[in-house]
Amino acid sequence: MSTETQHAGANVSLARRAWSIRRLALRMAEVQGQGYIGQALGVADVLAVSYFHALNYKPEDPEWEGRDRFYLSIGHYAIALYSAMIEAGILPEDELETYGMDDSRMPMSGMAAYTPGMEITGGSLGHGLGIAVGAALGLKRKKNPAFVYNLMSDGELGEGSTWEAVMSASAHQLDNLICVVDFNDQQADGPTTQALARGDEAPKWAAFGWHAQEVDGNDLDALVTAFDTARTLSDPRPRVIICKTQMCKGVPFLEEREITHFVRVDPSEWARAIAILDDAIPA
Amino acid sequence: MQDAPIGPTSRRKSKYTPRAVPVSEDGERLTTSAMIASLDAEGRDTVAAPFGNALCDLAAQRDDIVGLTADLSKYTDLHVFANAYPDRFYQMGMAEQVMISAAAGLAREGFTPFATTYAVFASRRAYDFIIMAIAEENLPVKIVCALPGLTTGYGPSHQATEDLAIFRGMPNLTIVDPCDATEITQATHAIADFPGPVYMRLLRGKVPDVLGQYGYRFQLGKAQVIHGGSDVLFISTGFMTMRALDAAKALKAEGTDCAVLHVPTLKPLDTGTIRKEAAKTGRLVVTLENHTIVGGLGEAVAADLMRAGIHPAFDSIALPDEFLDAGALPTLHDQYGLSVRAITARVKTRL
């Protein structure tokens, strides 16, 4: 079992997991000299709570029928998910340096056919939640109590297909579906809240019939509480956790940089970023 | 050859020109038939809802069969399945994208989903979801769509004249255009047994039944000679094989001997059989399809024969590269060259 923080309030181990995910992502990005590091650093806490508190899985058997399904709708976040799966023992750490290279099992955008533990091919945004609806229906057909998690970006809130899926999950009362939105307010051309996601998101989802929570996505205690609520709720509604995250979280000189969809990092700065993490290893 | 005109190619009259009530040659009013079901049935045997009934038969044998619709179960014959197996039927609402995505999710969990809508909506609205959620992962989702090509008089919003062209470019996807009720029944079973994604065109309602009398049995991926002939080789798909058989009869009466090669699987194309038949010398080769001239059977066959170094006299009967008119189907089929009368006239100009 991967639930590490039953002792409420401490979350020391989760902090260490999130730290490891950030460090692994930086190492992968350094290999390519690029990568969606801003997003990876921002979502690391969400993934730490997902993989080391909430999800039920067997690292040695990524297709175990009893596992909770974790769908990565945002394909370019693969660097973050590979890091989480390396930390979880699903992927071997010594393949980390193949990231994005020819014949790698870790391509730049996540694809199901390439990587153990990568459930779907994401990347065409607005797809994950709809597939998750089908999987949640399928699990109910099989009377399999597993959850389907769908990790999506705030930018995907602009896709019409997302809202088809939102209505569908509600209509089919998919209480085994947990949607996790990484709300970092940054899509390719600028802030998401200056594009289509202008409303108050949680009430919007609630109005569509979802149990909606909004949390600080870089607060491990808050995330644990929100995931626990989503998992244990006795309620037929599908669940959404809107995680307000900060791009580049954990590396102050990058946090201060002008934040864009594709954060610019100079070649010399990767080592500097890793050194900053190494100066503050959580207990 | 003249250059193609730039801009709209419609032959429609101005919308400001008043019209008289149309009447047939016998002086009767011409009314619109929305679906092909009853169009071609005069004097023929028909079978009711062959797809819906075949799916019920399948479901009785296999627990993994589920059906989805995007608010069109009555118009795809899926309602037959929905009535028989309500707990295995998913009404996804008027939302084709999530219907396709959800079918992918169900397939991921071990089910064999039949996702149904109109061909226009699957090919135009749900394309990205079919290619990425289903085809790229080679999931066994069966997309079965009514109103393919010119099988409704509603106009371009409902006429999927380019669905085959759209889908032929999609890797992993198998494409089937069945001819009649017998073939729809057999193909429904065959595509369920096939482990990959399939797009199948559908005729619904009372569907004519013609291939049974030739002892035909559908085989996925196989083109089959329905009958031989020494002057013309018809290579046809979908209900155009019915038309090819009728045109062959009409031409036979005038002394022209026409063979009919039926190609229900558009992709992968049975190039072996097509090349073998087309290479027999002395025959005019004519492809027939209920689809635009762009990107369908005719172009697929022509390109393959060129690559194989086989160069028969060749013609294609297909819909023009235009937005087609609304109206009554028999008129439209005549106007756009799909009727038996139009086919025989066309062939005679090429002999």
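Colleague: In which order do the 5 strands of the open sheet in chain A stand, and what is the pairing?
Modeller: The order is β1-β2-β3-β5-β4 in chain A, and the pairing is parallel. A strand here is a DSSP run of E with at least two residues, a helix one of H or I with at least four, both numbered from the N terminus. Two strands pair if DSSP finds at least two bridges between them. This is a predicted model: local features need pLDDT of at least 70, side-chain atom pairs count only at pLDDT 80 or more, and totals for chains, interfaces and linings use all residues. Residues are numbered from 1 along each chain as its sequence is written, with chains lettered from A and ligands numbered from 1 in the order in which they are written.

Colleague: What makes β4 and β5 of chain A a pair?
Modeller: The criterion is at least two bridges. Strand β4 (residues 211-216) and strand β5 (residues 239-244) of chain A share 6, in the parallel sense. Asp216(A), for one, has Lys244(A) in β5(A) as its bridge partner. The chain gets from β4(A) to β5(A) through helix α7 (residues 220-232) of chain A, in a right-handed β-α-β crossover. Right-handed means that, with the strands pointing away from the viewer, the path from the first strand over the helix to the second runs clockwise.

Colleague: Where does α7(A) lie, and at what angle to β4(A)?
Modeller: Helix α7(A) lies across β3, β4 and β5 of chain A, at about 170° to β4(A). Angles run from 0 to 180 degrees between N-to-C directions, with axes fitted to C-alpha atoms, for helices over the stretch in contact. Contact means C-beta atoms, placed from the backbone, within 7 Å.

Colleague: How do you know that β2 and β3 of chain A pair?
Modeller: Again by bridges: β2 (residues 148-153) and β3 (residues 177-183) of chain A have 6, in the parallel sense. Met152(A) stands opposite Val181(A) in β3(A).

Colleague: What is the pairing in the open sheet of chain B?
Modeller: It is mixed, over 5 strands in the order β9-β11-β10-β13-β14. The twist averages 25° from one strand to the next. Within this sheet, β10 (residues 232-236) and β13 (residues 284-292) of chain B run parallel, joined by 5 bridges. Ser236(B) has Leu288(B) as its partner in β13(B). Helix α10 (residues 297-307) of chain B packs on the sheet, touching β10, β13 and β14, at about 145° to β13(B).

Colleague: Why is chain B called as compact as a globular protein of its length?
Modeller: The globule rule is 2.2 Å times the number of residues to the power 0.38, and the radius of gyration is taken over C-alpha atoms. For 351 residues the rule gives 20 Å, and chain B has 20 Å, so the description holds. The C-alpha trace of chain B spans about 55 × 55 × 45 Å along its principal axes.

Colleague: What percentage of chain B counts as buried?
Modeller: 51% of its 351 residues. Buried means 20 or more other C-beta atoms within 10 Å of the residue's own, exposed 12 or fewer, partly exposed in between, with C-beta atoms placed from the backbone.

How values were computed: Two residues are in contact if their C-beta atoms, placed from the backbone, lie within 7 Å.
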